[in-house]
Amino acid sequence: MEVLISLAVGVVVACSGYLMMTRDMVRIILGVLMMGYGINLALFMAGGIKAGGPPVLIDEVGAAVTDPVPQALILTAIVIALGVFALLLTLGFRTFQENGSDDFEELTGVEHD
Amino acid sequence: MVSTLHAIVLFPFLLALIVPRLYHLLGRRLGWAILPFPFAVTLYLLGLLPTVGGGDTLLSSWAWAPSFGIHLSLMLDGFGLLFALLIAGIGTLVVLYSIFYLGPDEDLGRFYISVLLFMGAMFGVVLSENLLSLYVFWEITSFSSFLLIGFWYAKDESRAGALKSILITVTGGFALLAGILLLGAAGGTFSIRELLGQVAVIQAHPYYPAIVGLILLGAFTKSAQVPFHLWLPGAMAAPTPVSAYLHSATMVKAGIFLTAKMGMLLGGTGLWFYVVAGIGMATMFLGSYLAVQQRDLKGLLAFSTISQLGLIITMFAYGTVESLSAGILHILNHGIFKASLFMLVGIIDHETGTREIDRLRGLRRAMPVTAMLMFFGAFAMAGLPLLNGFVSKEMIFMAMLEPPIGPNLFTSVVPVVAVLGSAFTVVYCLIIAHKIFFGPLSTDTPVKPHEASWGLLFAPTLLSVLIVWLGLSPQVVEQHIVAAGTASLAGTPVSLHLALWHGFNWPLVMSIGAILVGGLLYWRLGWVTGLLRRLSSTPYHMNALYEWSLDALDRGTKRFNARIMTGNTRDYLVFIFGFTAVAVGYTLLRTAFVPADWALANLAPITWTEAAAIVVMIAGALTAVFVRQRIAAALAVGAVGFMVAILWVVWRAPDLALTQTIVETVTLVPLAIAFTYLPKLRQRPFRPRVEGVNAVVAVALGLLAGGLTLAFLTHRLFGSIGEFFVENSYTLGGGRNIVNVMLVDFRGLDTLGEITVLSLVALAVYTLVRSQREGSRPAPSDVPSQSTLMLNPLILPAVARVLFFMVLVFSVYLFFRGHHYPGGGFIGGMMAVTSMLIWALAFERTATVRLVPVHPRYLLASGLLTVIALGIAPMFAGYPFLTQFFGYYEVPFLGQVELATALLFDLGVAQVVFGATYWFVITMADGTPLGRVSRRPVPAVAATIDDAEGERGEAAQWKS
């Protein structure tokens, strides 16, 4: 399972990285959004998977539970990612509105090849 | 504890602070207000001669940055006392001299601030017991020297000289810092006294050669040793009092001070001896050789200083008692006669208007006192008997004849080079003492030569008295300065006998030889300088190298920056991603990637759910890259997000699953809005080079991320801190849902930071949308009456009414159960936003806006304030910030009920999450200029949240 997850993390991060390096504003923002998913998955792996029940003490204290630390971190990360995403979208929209372009190379005046 | 020593170091800095005020009060008499300080220090230090000069060491320590082991520990021993006396004594005379030297139009405030900074820093260097504080003061001396060289910054040569000096000395200072850090690593401390107990350890340490090289680099750059001597002639652009003080008597001797101090730790080895003596002698010879060719009096003195510094530093390579005492005496003597010479050259410059040797003749007639004083200084430097330079030069020759190593070729060549260098010294001494003073009086000087005022002449006269006094009876300083200084460097008590006459011996022969050869060369001076100038006139000298490297650095940096700093995000990402992948990947591969005890059986089994989710996730990620329609790309990314949420469910992370699902839903709405105003993806020609690089970097990044994820699995360095939370969540936090207890209780401060960020995002989005220029803002008639999100005007409103309340109630339920079961403030707040979105999809935007009775900014503020107040309140009872309390109470009919402050905290979180998210989603929808235009004409409609609020206000007014 872990090997499969590592593969998924690798593919998701590679694809997001590629999207972030393109010149279209929308694809860049989507890349940032998707990279969060990949990194959250990797973060979760740091605590190990399927080590026990959910980190909620319902039955008795002492039963094996999943490591709660990555969960708390990821929960925070998800909400922050939403904020970052909203900010990027607005910035993108305003940039387009002011400059009439959503092409990062046009915006920075750098043309490759 | 702050002691007198601390006062000596720190007072100049404090005095510098009030100089502008003093300048305002006193005007051009400012110097008189500065003068008492160095004078008082001189008296105090002279008073210490019997004790410290008798072998005592003053120590006092003041904790500065104790957590880093940096204490402002000061130490005054015999060697430090000599330097402190030079700094204070020459400092007094220089301040006095400058009062008369600097004209009324000069910026005296700036001048004395720099001088005071230098004075305090220089005291700090020679009194520091800790190498790190020594380094700090060392750099301040470079800095103040830079300011003083550039004092007349309007002149090109001042700026060039200042730049050159700071580039060279600060490069050396950086090497010194590295050397000190290595020395601290090797010796385990930065205290000089403690390091002295570690000499054997340090010299056997593998870092030893590096330490020697780096520290000597610092010392050599500061003391203008070859090949770093370039900056000192350039420094002559400074006002002459500065040249006399910094660039002959004190600062340039800081390198010698350091070499002498470090000789105690690092000396005694062949490496130390050959490097220091080799560079020292090369400098001594080259300096005097170049001094002869100078056309400028100050330039001549600068090269002469370089030469004398080389001679002195050689003595600290030898490290014998004879050489140490010779070096110490010559530091004192050179400080005295060179300061005098600089002041006299300054007088000549001041009273004739030129420093050009070829234009000055017969000044003896116009300036008899100056001429007289110049004879003393110059002949002391040449080493003529009855003057102070003679005694120390004899001692130096004597020490050179008794090397600690050898005898071998090197140690035999050293005295020969010393005699040759001394012969040139005699030549240039004759130039300044004879050539410019005798013959017919020159008539073409810019100012008609005349004698200087007593104020200018006072300081060199006093120094000349010292020159003669120490020349006639050197035993005055024998015990308390030379022997005490030598003893503190040698580590043992030393008995010395200084005398004018040592009998007829080899050093005397060497002195006589140098004087004779020098006299002979001066007799044929025109021919000699002509020959020397021809010999030196190659384009390959050090200054050319300096200019070339400065230029190359400039051009190289520009070219490099032009390549790297393109301004294009993509290029930066390529660098960041590429570097991370290479650097972290390399480390990852170097460590055992798969440990020996690793087995496939340790892995968690794969279920069908997970496999399916992962397949969809990978497919989604690839689709997002390759698909050409933006909506498809967005949906693909959304698919990845929902697959992640499914994995959270499978992996027993209910809070994550809930949050991720809701956030996915909420994310889609702004994205959908964005698509209405952002242009569609363009078809572009395929650019193999750019796309290829991107692909390679992206794959490398993916490999790194995957590899790191695998490494989490195989490398468990220590147990998770999660155990703590599992054990204490219920007992300390009073909650069963560990993740929620962590967020609101254990890690409450992080959560406070997070909701602050979310609030800022909401404010930023709002500000960005509001900042639209008038022309680009939608006119009121264009504003759609219906929400841009509105989908179906018939069926949806009916469903939405029901759904809205269901979701809203559900969100409240999620919020309240959060402490013990999955849920909580984040999830509750976010779920409530979802209910608003349902409403917004179905109804007019004003209806949505009116759903929330208060402006979301109040929700943000009250939520944040609640959390902060909850954090501060326990502090009044002596608990740390953000301590949470809980208790169980018996309530009639309900039984046992838990009341926890964490619930209030979570309420604050929920308010902020709801307020912020609701605000920015609605604002983004409002900001849409390209929304669908309503078919029917609509009266003025409140378009934004603010307008809606205003309307409410108006309505309220009408009612009243």
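Helices (H or I, at least four residues) and strands (E, at least two) are taken as DSSP runs and numbered from the N terminus. By this assignment chain A has four helices and zero strands. The order of its elements from the N terminus is α-α-α-α. Chain B has 39 helices and six strands.

The structure is a predicted model, in which local features need pLDDT of at least 70, side-chain atom pairs count only at pLDDT 80 or more, and totals for chains, interfaces and linings use all residues. Residues are numbered from 1 along each chain as its sequence is written, chains are lettered from A and ligands numbered from 1 in the order in which they are written, and side-chain values use heavy atoms, with hydrogens and water left out.

Burial was computed for each chain. A residue is called buried under 20% relative accessible area, exposed over 50%, and partly exposed in between (1.4 Å probe, protein chains only). Chain A has 113 residues, and 66% of them are buried. In chain B, with 960 residues, the buried fraction is 54%. Accessible areas come from the Shrake-Rupley method with a 1.4 Å probe; for residues, only the protein chains shown count as cover. The accessible surface of chain A is about 3500 Å², and carbon and sulfur atoms hold 66% of it. For chain B the accessible surface is about 41000 Å², with 70% belonging to carbon and sulfur atoms.

Contacts (heavy atoms within 4.5 Å) were then sorted by sequence separation. Among contacts in chain A between residues at least 6 apart in sequence, 48% join residues at least 24 apart. The corresponding value for chain B is 78%.

The interface between the chains was examined next. Chain A contributes 84 residues to the contact, and chain B contributes 107 residues. Buried area is the accessible area (1.4 Å probe) that two parts lose on being put together, summed over both. Between chain A and chain B it is about 8700 Å², and carbon and sulfur atoms give 75% of this area. Seven residue pairs, both members at pLDDT 80 or more, are in polar contact between chain A and chain B. A polar contact is a pair of N or O atoms within 3.5 Å; within protein, one must be able to donate a hydrogen and the other to accept it, and residues adjacent in sequence count only if both atoms are side-chain atoms.

On chain A, the side that touches chain B draws at least two residues from each of α1 (2-21), α2 (25-46), α3 (68-99) and α4 (104-108). Helix α3(A) gives the largest share, 24 residues. By class, this side of chain A has 52 nonpolar, 18 polar and 14 charged residues. Here Ala, Val, Leu, Ile, Met, Phe, Trp, Tyr, Cys and Pro count as nonpolar, Asp, Glu, Lys and Arg as charged, and the others, Gly among them, as polar.

Charged pairs were searched throughout. Side chains of opposite charge can pair when their charged atoms come close. A salt bridge requires a side-chain nitrogen of Lys or Arg within 4 Å of a carboxyl oxygen of Asp or Glu. The whole structure holds 17 salt bridges over all chains. One salt bridge is found across the interface of chain A and chain B. It pairs B:R687 with A:E105, with the closest N and O atoms 3.0 Å apart. A:R23, A:D103, A:E105 and B:R687 are linked in a network of salt bridges.

Within chain A, A:R94 forms a salt bridge with A:E98, at 3.0 Å between the closest N and O atoms. The two residues are four apart in helix α3 of chain A, which means a separation of about one helical turn. A:R94 is buried, at 7% relative accessibility. A:E98 is partly exposed, at 32%.

In chain B, the side chains of B:E356 and B:R359 meet in a salt bridge (3.9 Å, N to O). B:E356 is partly exposed at 41% relative accessible area, and B:R359 is partly exposed at 27%. B:K435 forms a salt bridge with B:D358, the closest N and O atoms being 3.4 Å apart. B:K435 lies in helix α20 (residues 409-435) and B:D358 in the loop between α16 (321-352) and α17 (363-366) of chain B, so the pair ties together parts 77 residues apart in sequence. B:D358 is partly exposed, at 48% relative accessibility.

B:P874 sits in helix α37 (residues 856-876) of chain B. B:P874 is buried, at 6% relative accessibility. Leaving aside neighbours within four places in sequence, B:P874 is in contact with B:Y879, B:P880, B:T883 and B:F885. B:P874 and B:F885 are 11 residues apart in sequence and 9.1 Å apart in space, C-alpha to C-alpha.
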